[in-house]
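Welcome! Here is a short tour of a protein chain for anyone meeting it for the first time. Keep the structure in view while you read.

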Amino acid sequence: MANSLVPHQIFLPKDQRARRAAQYVRMSTDHQRYSIENQAAVIAAYAQTRGLEIVRTYRDEGESGLGIRNRPGLTGLIADVCQRRVNFDHILIYDVSRWGRFQDIDESAHLEFVCRDAGMTVCYCAEQFENDGSVISGIVKNIKRVMAAEYSRELGVKVHAGACHLSRLGFRQGGHPCFGLRRELIEESGRSRGILESGERKSLQTDRVVLRRGPPHEVETVRLIFDRFVSGHLTETKIARELNLAGELNRGRPWSFGKIRYLLQNENYIGTNRYNRHSCKLRTVRKVNPPEQWIKKEGAFEPIVDKEIFAKAQQILEDRRRCWGLSDEEMLKRLRVLLHRRGRLSRDIINETEGIPSSVSYLTRFGSLMAAYRLIGYTPKRNYEHIESRTVRRDMIESLVLKIAAGLAKSGEDVRIDQVHQIIRVRRVAISFRVARSRLAHGATHPSWYIIRGRRLPGGLVVVIRLNEDNKEIRDYLLMPASQLVGRDLRFSERNRERLGLRRYGKVLGIIDTIKRRLSNLGFLVSSTPSDLERGTPTTA
């Protein structure tokens, strides 16, 4: 009886649907505190004068308009329109620039075309023209798009010039400082406002940021790293290993080769403020600037490391960089000599050997270490096939995510895809994806599989792609609650699969049907949580 009172689908008369609209609002920075409210007020007045009812709002707060990435509001709007998951036929926007201040003005026009092609009427509420498809509106919109792009370009030039000027004066530009340093906020008069914690930034335009020494134990760790590198002749990998074994972590995270290398190159430790070595203007590709464009201010901060020790460290790193000028044959020749001397090769062996390019150099030059190994005829005892097949497994997951998302969307569900981490979110439930690779243990007669948990695993469900015994093809699919993956990985065999809560499916359609049934078990409980879905009735195919 209770379910009979819940409407599953609402059909509105055509004249009523024509009065329903969605609004999209965006503000660029957190400093525009009332921008969203101002846009909403103008849009509301526009809707009232034209008899439109705003039934949905898409919003992006504090997001740049230079690109569409990291703008869930706009991407959600376009996805809903393209997949016909809408209950409106008007889209209300404050002005033309709210789509974005794209440097390619055709990108803004494309977004409007996508909406119009899906039957949407796009209205610019604060503009002095009607977006009616006339020649005049087309000309004005094109001019507005050019003006929006030019505004971003001019603003970027002014901001960059201001940042360069402040850097020459010795003030810090940028975000979180390196290990052993802290950002101090100072007033225009020079009085300190205190230390900025991670994620904090200045709120007044007249305030400035300088670097100060961090906690004493971090300062001593920095000096120890330079001493072990210069006087102890240890590689970055060995230094990182020593620090991790001693429990000296990098703000709660383990040290690595890259982190030690970055620390050794940072001139902030000798009191030099450095800026504009790299640039990424207007969200373009990050590039390295020539040395004549670099900005350096010596004596801007209190040094932590002695300049002589720092100079010796740079000389060691420079000697290594000279290996970049070697030919392919010379690099492979040195790798053969190292193999003959050590009897085996690995990333750590390559990195800790003087007179040979780093492992990153071989990876960059030949595509991977395994490719370099093959060129010198070396086959390591350990199987590294899982590393070279990462791209194939990533493609498997991306394809499966799209299939399941499309299947759930066809049933009327509001499906959102996190394309960065490949997670589907539906009814506040997260659906993650993993690949189970096969492994035959020594002396075993039957294979086992293992699922790596990974760093990011939200609560909800996990769809697993199980590969066959040679890890080349897909064997079947598994479905399990995320709560089962409690350790670093989960190992299972065909015998204990069901006991671990792994339900097997031969086709993707079976997984989609099961997820639909579990969602329907939640009924009309909008406040359902991932744990509710995990407790749903298990279904086998």
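How many helices and strands does the secondary structure of the chain come to? The answer is 17 helices and 19 strands. Please keep in mind that this is a predicted model.

**The chain as a whole**

- The chain has 541 residues, and 41% of them count as buried.
- Among contacts in the chain with a separation of 6 or more, 63% come from residues 24 or more positions apart.

**A parallel sheet and its helix**

- Let's begin with an open sheet of four strands, whose order is β2-β1-β3-β4 and whose pairing is parallel.
- At the edges you will find β2 (53–60) and β4 (121–124), each of which pairs on one side only.
- On average, and with direction ignored, neighbouring strands of this sheet are turned by 25° against each other.
- Inside this order, strand β1 (residues 20–26) pairs with strand β3 (residues 90–93) in the parallel sense, over four bridges.
- To see this pairing at the level of residues, look for Gln-23, which stands opposite Leu-92 in β3.
- Helix α3 (residues 72–82) packs on the sheet and touches β1, β2 and β3. The direction of α3 makes about 130° with that of β2.

**Helices α6 and α7**

- Next come helix α6 (residues 216–230) and helix α7 (residues 236–245), which pack at an angle of about 140° with their axes 10 Å apart.
- That angle makes α6 oblique to α7.
- The crossing in which α6 passes α7 is right-handed.
- On the α6 side, the residues that meet α7 are Thr-221, Leu-224, Ile-225, Arg-228 and Phe-229. Their counterparts in α7 are Glu-236, Ile-239, Glu-242 and Leu-243.
- By type, the residues of this contact of α6 with α7 divide into five nonpolar, one polar and three charged.

- Strand β12 (residues 415–418) and strand β13 (residues 423–426) run antiparallel and are joined by four bridges.
- Together β12 and β13 form a hairpin with four residues between them. In its turn, Gln-422 has a positive phi of about 55°.
- β13 also pairs with strand β14 (residues 429–439), in the antiparallel sense and over three bridges.
- The hairpin of β13 and β14 has two residues between the strands, and here Arg-427 takes a positive phi near 55°.
- Arg-425 is a handy landmark: Arg-416 stands opposite this residue of β13, and in β14 its bridge partner is Ala-430.

- Which helix is the place of Arg-394? Arg-394 lies in helix α15 (residues 390–410).
- Arg-394 counts as partly exposed because its relative accessibility is 44%.
- The axes of α15 and helix α16 (residues 508–521) come within 10 Å and cross at roughly 45°, so the two helices are oblique to each other.
- α15 passes α16 in a right-handed crossing.
- From α15, the contact is made by Leu-400, Lys-403, Ile-404, Gly-407 and Leu-408. From α16 come Val-508, Ile-511, Ile-512, Ile-515 and Lys-516.
- The residues of the contact of α15 with α16 divide into seven nonpolar, one polar and two charged.

Notes: Residues are numbered from 1 along each chain as its sequence is written. This is a predicted model: local features need pLDDT of at least 70, side-chain atom pairs count only at pLDDT 80 or more; totals for chains, interfaces and linings use all residues. Side-chain values use heavy atoms; hydrogens and water are left out. Axes are lines fitted to C-alpha atoms, for helices over the stretch in contact, and angles run from 0 to 180 degrees between N-to-C directions. Angles under 35 degrees count as roughly parallel, over 145 as roughly antiparallel, 65 to 115 as roughly perpendicular and the rest as oblique. A crossing is left-handed if the near helix is turned anticlockwise from the far one by less than a right angle, and right-handed if clockwise. Contact means heavy atoms within 4.5 Å. Ala, Val, Leu, Ile, Met, Phe, Trp, Tyr, Cys and Pro count as nonpolar, Asp, Glu, Lys and Arg as charged, and the others, Gly among them, as polar. Two strands pair if DSSP finds at least two bridges between them. Buried means under 20% relative accessible area, exposed over 50%, partly exposed in between (1.4 Å probe, protein chains only).
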